[in-house]
Amino acid sequence: MGGFHWRPPAERRKFLFVEWVYFKFFTPTVDGILVYGTSGSFAGAMMLQIFPSAGSPIGDRPIRMVRHDYDAADTYFSTTNHDAFVDVNTLVEQPTGYHIIGAVRQGPSIVEWDLDFTRRYPQQHGFFGPFGDLWFDYLGWDLLCPLAKVDGTLKVNGVPVTIDGAGYTDTNFGRWLFTIDTTTHWNWVMSFDPADLDAPCVIGMNVRPKPELGRLFLMDDGTTVERFDTDASTFDHYQ
């Protein structure tokens with residue numbers, strides 16, 4: 001599962017594909033987002049957002065870093081699984097989830113991480129469908145870790161924070177357009193109990209201009225997954 005498992009560079013350039021794997025983690029002291037990506041216009045990209053809680057050892061100001069200037073010689077994206085590296089940032093697919101290691105520096109600041117995402121529910125196919133008139137105009141979304149146990153370490157400017165919490169991992173792929181005139185819009189929702197990863201969990205997303213691609217997943221007991229096709233009005237209700 002996972003769409004195209006990183007399209008080869010020639011295909012990304014030809015059809016302007018964008019692909020990324022998105023990692024989200026939640027803890028009592030800090031929440032974060034880490035994204036490994038590639039597209040037809042850049043070889044590799046890293047994006048991160050860190051949201052510390054008040055009193056966190058790394059301060060209480062949000063941190064956002066984006067880099068997409070990595071040289072092609074310093075990037076690798078497997079076409080058979082989700083393994084990848086972007087400079088020093090590695091993503092390794094494992095039978096139970098994912099192991100990610102990396103560091104991004106901007107100016108005087110550096111954020112480093114070494115995290116394991118252990119899957120709590122089976123992978124789920126979100127959607128794959130057309131949104132335009134051309135045969136390669138399509139969008140895809142798969143849930144790689146619909147809900148995960150996350151363990152490891154995060155460092156901000158050398159100050160470590162132990163990560164012991166919950167998380168989520170998905171992948172998006174296809175012609176996700178981000179130009180001014182033809183932007184792909186999406187709404188994503190997730191509701192769960194971070195203190196009880198076996199409690200019911202809801203995850204959903206829909207896309208404009210194709211709201212019929214909407215999917216909503218209800219998960220419970222670590223095993224049960226129910227999938228619902230949703231239209232825009234139903235999805236907006238859950239927001």
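The model is predicted, and residues are numbered from 1 along each chain.

**Stop 1: a pocket**

Begin by selecting P9, R12, R13, A43 and T75. These residues lie nearest the centre of the second largest pocket, whose lining comprises 15 residues. Its volume is about 200 Å³. Rolling a probe the size of a water molecule over the atoms shows where empty space is left.

Next, colour helix α1 (9-15) and strand β5 (75-77). Each of these two elements supplies at least two residues of the pocket lining. When the lining of this pocket is sorted by class, seven residues are nonpolar, five are polar and three are charged.

**Stop 2: the cysteines**

Select C145, and then C201. Are they buried or exposed? C145 has a relative accessible area of 0% and is therefore buried, since buried means under 20%. C201 is likewise buried, with a relative accessible area of 0%.

How many disulfides does the structure hold? The number is zero. A disulfide is a covalent bond between the sulfur atoms of two cysteines.

**Stop 3: two loop residues with positive phi**

Move to the loop between β6 (84-86) and β7 (89-94), and select D87 there. The phi angle of D87 is near 60°, a positive value in a residue that is not glycine. D87 has a relative accessibility of 37% and so counts as partly exposed, the class between 20% and 50%.

Now select N157, which is found in the loop that lies between β11 (138-156) and β12 (159-174). N157 is another residue other than glycine with a positive phi, here near 55°. Its relative accessible area is 44%, so N157 is partly exposed.

**Stop 4: an open sheet**

Finally, display β13, β14, β15 and β16. These four strands form an open sheet in that order, with antiparallel pairing. Which strands stand at the edges? They are β13 (185-191) and β16 (224-229); each has a single partner strand, so one side of each is left without a neighbour in the sheet. On average, neighbouring strands of this sheet are turned by 10° against each other, direction ignored.

Within the sheet, select residues 201-208, which make up β14, together with residues 215-220, which make up β15. Five bridges join these two antiparallel strands.

Methods:
This is a predicted model: local features need pLDDT of at least 70, side-chain atom pairs count only at pLDDT 80 or more; totals for chains, interfaces and linings use all residues. Side-chain values use heavy atoms; hydrogens and water are left out. On a 1 Å grid over the protein atoms alone, a cavity is a set of points where a 1.4 Å probe fits but cannot get out, and a pocket is an open set with protein on both sides within 12 Å along at least five of seven lines; lining residues have an atom within 4 Å of a point. Grid points are joined across faces, edges and corners, and a volume is the space filled by probe spheres set on the points. Ala, Val, Leu, Ile, Met, Phe, Trp, Tyr, Cys and Pro count as nonpolar, Asp, Glu, Lys and Arg as charged, and the others, Gly among them, as polar. A disulfide is a pair of cysteine sulfur atoms within 2.5 Å. Buried means under 20% relative accessible area, exposed over 50%, partly exposed in between (1.4 Å probe, protein chains only). Two strands pair if DSSP finds at least two bridges between them. Axes are lines fitted to C-alpha atoms, for helices over the stretch in contact, and angles run from 0 to 180 degrees between N-to-C directions.
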